[in-house]
Number of protein chains: 4
Amino acid sequence: MVIVMAPTATPDNIDTIVDLVATAGGEAYVTRGVSRTIIGLVGDVQQFETLDLRAMPGVSDVLRISAPYKLVSRENHPSRSMVSVRGVPIGGDNVTVIAGPCAVETPEQTLAAAQMARAAGAALLRGGAYKPRTSPYAFQGLGESGLKILADVREETGLPIVTEVVDPADVELVAGYADMLQIGTRNAQNFALLQAAGEAGRPVMLKRGMNATIEEWLMAAEYIAQRGNLDIVLCERGIRTFEKATRNTLDISAVPVAQNLSHLPVIVDPSHSGGKRDLVLPLSRAAIAVGADGIIVDVHPAPETALCDGPQALVGEDIEALADLAASLTALMGRTLTPAPEPVAAGV
Amino acid sequence: MVIVMAPTATPDNIDTIVDLVATAGGEAYVTRGVSRTIIGLVGDVQQFETLDLRAMPGVSDVLRISAPYKLVSRENHPSRSMVSVRGVPIGGDNVTVIAGPCAVETPEQTLAAAQMARAAGAALLRGGAYKPRTSPYAFQGLGESGLKILADVREETGLPIVTEVVDPADVELVAGYADMLQIGTRNAQNFALLQAAGEAGRPVMLKRGMNATIEEWLMAAEYIAQRGNLDIVLCERGIRTFEKATRNTLDISAVPVAQNLSHLPVIVDPSHSGGKRDLVLPLSRAAIAVGADGIIVDVHPAPETALCDGPQALVGEDIEALADLAASLTALMGRTLTPAPEPVAAGV
Amino acid sequence: MVIVMAPTATPDNIDTIVDLVATAGGEAYVTRGVSRTIIGLVGDVQQFETLDLRAMPGVSDVLRISAPYKLVSRENHPSRSMVSVRGVPIGGDNVTVIAGPCAVETPEQTLAAAQMARAAGAALLRGGAYKPRTSPYAFQGLGESGLKILADVREETGLPIVTEVVDPADVELVAGYADMLQIGTRNAQNFALLQAAGEAGRPVMLKRGMNATIEEWLMAAEYIAQRGNLDIVLCERGIRTFEKATRNTLDISAVPVAQNLSHLPVIVDPSHSGGKRDLVLPLSRAAIAVGADGIIVDVHPAPETALCDGPQALVGEDIEALADLAASLTALMGRTLTPAPEPVAAGV
Amino acid sequence: MVIVMAPTATPDNIDTIVDLVATAGGEAYVTRGVSRTIIGLVGDVQQFETLDLRAMPGVSDVLRISAPYKLVSRENHPSRSMVSVRGVPIGGDNVTVIAGPCAVETPEQTLAAAQMARAAGAALLRGGAYKPRTSPYAFQGLGESGLKILADVREETGLPIVTEVVDPADVELVAGYADMLQIGTRNAQNFALLQAAGEAGRPVMLKRGMNATIEEWLMAAEYIAQRGNLDIVLCERGIRTFEKATRNTLDISAVPVAQNLSHLPVIVDPSHSGGKRDLVLPLSRAAIAVGADGIIVDVHPAPETALCDGPQALVGEDIEALADLAASLTALMGRTLTPAPEPVAAGV
């Protein structure tokens, strides 16, 4: 059983709940998030129900949920959620395109990629300043100077920023620049990082672990939610299988399955799943047609010299094609393609 | 090196080639198919090239191909193939819907399912009379009496028949009734069966093995082709992974990858991959949007009493939705939805 | 419910059972094997129990088993089985080594490999005359002339023969030469072949499918058993995973798991699982130590010119090491290393 | 190219190298570890070779290595390493048993488990105070109070402590109590944690990621090594596959493969791979027989009430069996079973 406190709940309200639960022979785990506090109860559920907790001051909701994940489950929240990233919606009736370079390399490369992103129909800019790389000898990202480049490009293009964070110690710094934090596939069970992201006051895009079951993915989202942050977008990016013709195997079925189990928006990364430029457009079409709430795509002005994942970045001739397919398929699905904000919006 | 003989080549033409190859220090493996003979050469390719084999009587083509599969490779056959099933096309600009019950149970059930198939936009009827089942205690199909039911239903509805064969000894019998033979996922490396199907004089739908790499799938098709039958349609039906939320993991990327490597048409089975009714429509949309040449879908008039795979069969309310999505997505892709033949055609 | 008839049961005895079951509203599936008949009942088990079938003439056993596999389950057969291959035991307290070349190439190569096998401590000779190959252009085996070579080498060395069969149509021919039939990993769900092997009157070694769960493996064995042949040896040979450093991933845990679920002996193939010569001895040690009932190992007098799987064949210097480790580990496990029969025995 | 500086190298020595590399058109990445500094060179290797870096003051070694991992590769370090954990060796001729409870729950439970560990032949005590759990609602460990319990039990039993760390921010605290840090399977690509562990001044046991290839596992070890810590023990603990009869699939072949590629010791966790008590002893035998440098085993005085992974913990009757098999198999392999230190040693 989980108690979601109202944003206006006082410390006294919380203490009262904890005491009540103790008198009923249970234990209460209090998780204080940025905007709300969540109390998880362990013990005899039937006993708890006699307490009429829903009527207590400061209580917003009492969830009795059988799924192992509770706050992100659709069981208790049948309508699908919409997450707002500096005013840009993901979820609901919207289909949102996110695009940008895998890694921020220079101001010029990032600005050029952002302009490509906008031309491709994107409403959000992705770009990595902290890169988790399999090899310690590979380019690890520019760090804070990369974040500054992203902020400058946001200023110029109006596109809010999605960027990855890999170390709990960096979350506060990254959240100071980013409009949305990304948790990557290698950190899908890095619980300290998930919890830190849950407290950062920014929406989070949670990539599925390349070996994570859908249930484990939702449990990872629950770690973020439990810290008071329900502004989570799930991102399917391919799983690891025996097939080697593609970098990963895009689990396209995971989109409707996760949407049935959870109220969170679900988007698809066709670039990292296929790992090849010529698969990005077909997989983008599949993603929107299956019902995904958006896609996140690599673009790069000069993929042949990219420091990271050049072979999968879209280039000049693909950009218009992506914009076209996103527009036509979104319309066919009866949804709205999220427009990019105007540059002036970035100055707000 | 592979020599494809013309349909009009004589036994003497073939013997001449074999002798020539022997004089050049090589070995020639002759495979006599129904409509053409194929000669595989093993030995020193440069030596063979001095023979000018392409100019010999009866030779249609000489292929020097680096891929491990040769006849099905796109390397030497850049245009994509079209397969005709009793006049119904698969491949080219067409998107073809195949539908029907997983297993033929009774004449009434099969006819009702065929009418559902037609209403769903299908141009071909699927239905199994020989079922490969994991358990020897499960329903194994009606055998020849099932084939007769299918033939009667073809007569009545005009839909050509696609049906599975599981034993090389049954190929001739099944080919006597069927318009297209299906090789199932469990027989994806049953080479005796593949070879028998290659000689049956019927087009073949080859399902991907649930553990087959795309290369192994194409090699299996090569076994059929090598016996002189190039009327092969590849069918992606999901692979086995760690994820258990779906019956198999639909490898949607396999469609463009296989289409790039091979000239054969590639279709998708959204029913067996997802294993759940509510995934069939989303996965059908993804399949057509990714560029598949068709889909094969389970329908059943009474899934709750189906002897095989009821939980994944579409029912009443889904049929119109399938017809609608197939029509609208096919149009968006700039392709043509293959119309169903009229009943009178079945009497030919 | 499964009824196992006595070898002495008459056709009348069987008909009586079938009629009785029908009067109780059930259906009886009769499977006539070489040495016994098995009757599977489908219907209301409680109703069947009122029939007192165990007391009927000709009935040897009545099994009411909850596992999906019944005849091979340990549930009703707690003691572990021993299979005899022309007098050579596999199972029970024995550890049996099988060795030989992957493929029979020439009489000289086969004889040399058989002598290596004997020196390595093997009591049975393996060697393939029919090879299932991923590519139709790869060496497919010598066919019957390969079987004749094996029979000659048996005569000379005294080692009984284990050889693969890949086509149901070949089973009778192969069984005419072989002492044990092998079903390979690609045919693990080739049900027609399994059933034919079940009727061949020879013990069968059933390799696990490279993508088969342990349950599916036991179900495949049940197909053989259902045709009246319980002389089955299971062989773990590696499964397909994401790891590419080895040819397959040897699932060493499958040995104790299968031994707990089934009474059949379980052996290990360290050659095909690792795919590399230098892994064969370590994996052989692991197999005997985990409790396997034997190992099957590739040896070849000249691996560098082998037509099949040379890189994994043991050579000169490894042979004595294999004999030593088999002897010492078998002793440590409190078991007996099966001795090779003397050549004269082959003349029987 | 990687330059390993001597422990006695001065900052000036390092600066000189960096400047030299720059003049040759390259870049030098300096990683200062606790005991030594490592300089990675990126650029033209042939140019670097003209610099005669090996002769420069403060340089211990210059490695030119083709493997993607360098410091942990066996290419440049053919003899196998031995790691010392508070005087207890892992690697070399030793086979070392590590045992203890999955999670530290109470002083009494931990002490009882430590006594079981000692009786089972263990020389090191494992026990988790920080537990990474899939569910945020599961027991997450006692934290620092768990570390204190471990330290007290070390005092009483003499067994050095191996314990997991999950957050880079906790590394220093945990290293203050632990004799060896454990990085768990979910953190196998948590690079911030790997780097923090590389600087903690304690040996590290690095579990293989459940989806990590052997190459990725060694790359993760390289992250630790690059920070100056080569006291790393690799632990195979099962990978994720389609098979569900076991918790994970123990990749027993990974032991010899990793030992061939890397000089680091490799041990096996039979408890987490199988996930069932009755598989622990067979898999422990397989591990020692395949050549592992040790095993790490769950034991618990009362598994039925364990807060974590009770079903796989060995209990009373298994303890002596484990001690016996470890002794006899270690002897058979010609190795030495590492004895447990005496309690008084713990007071040092």
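## Domains and chain contacts in a predicted model

Domain 1 of chain A and domain 2 of chain A together bury about 560 Å², with 58% of that area on carbon and sulfur atoms; buried area here is the accessible area, taken with a 1.4 Å probe, that two parts lose on being put together, summed over both. This is a predicted model, in which local features need pLDDT of at least 70 and side-chain atom pairs count only at pLDDT 80 or more, while totals for chains, interfaces and linings use all residues. Residues are numbered from 1 along each chain as its sequence is written, chains are lettered from A and ligands numbered from 1 in the order in which they are written, and side-chain values use heavy atoms, with hydrogens and water left out.

The two domains of chain A span residues 2-63 (domain 1) and 82-346 (domain 2), bounds that come from an automatic or database domain assignment. Their contact, meaning heavy atoms within 4.5 Å, takes 7 residues from domain 1 of chain A and 8 residues from domain 2 of chain A. Between these domains the count of salt bridges is 0, a salt bridge being a side-chain nitrogen of Lys or Arg within 4 Å of a carboxyl oxygen of Asp or Glu.

Between chains, the contact of chain D with chain C takes 34 residues from each of the two, and the area buried there is about 2,600 Å², of which carbon and sulfur atoms give 72%. D:Phe242, D:Glu243 and D:Leu332 supply 21% of the area that chain D buries against chain C, more than any other three residues. The interface of chain D and chain C holds 2 salt bridges, and a salt bridge joins the side chains of D:Arg208 and C:Glu243 at 2.7 Å, N to O. On the side of chain D that touches chain C, the largest share, 8 residues, comes from α10(D), where helices are DSSP runs (H or I, at least four residues) numbered from the N terminus.

How are the two copies related?

Technical notes: Helix = DSSP H or I, 4+ residues; strand = E, 2+ residues; numbered from the N terminus.
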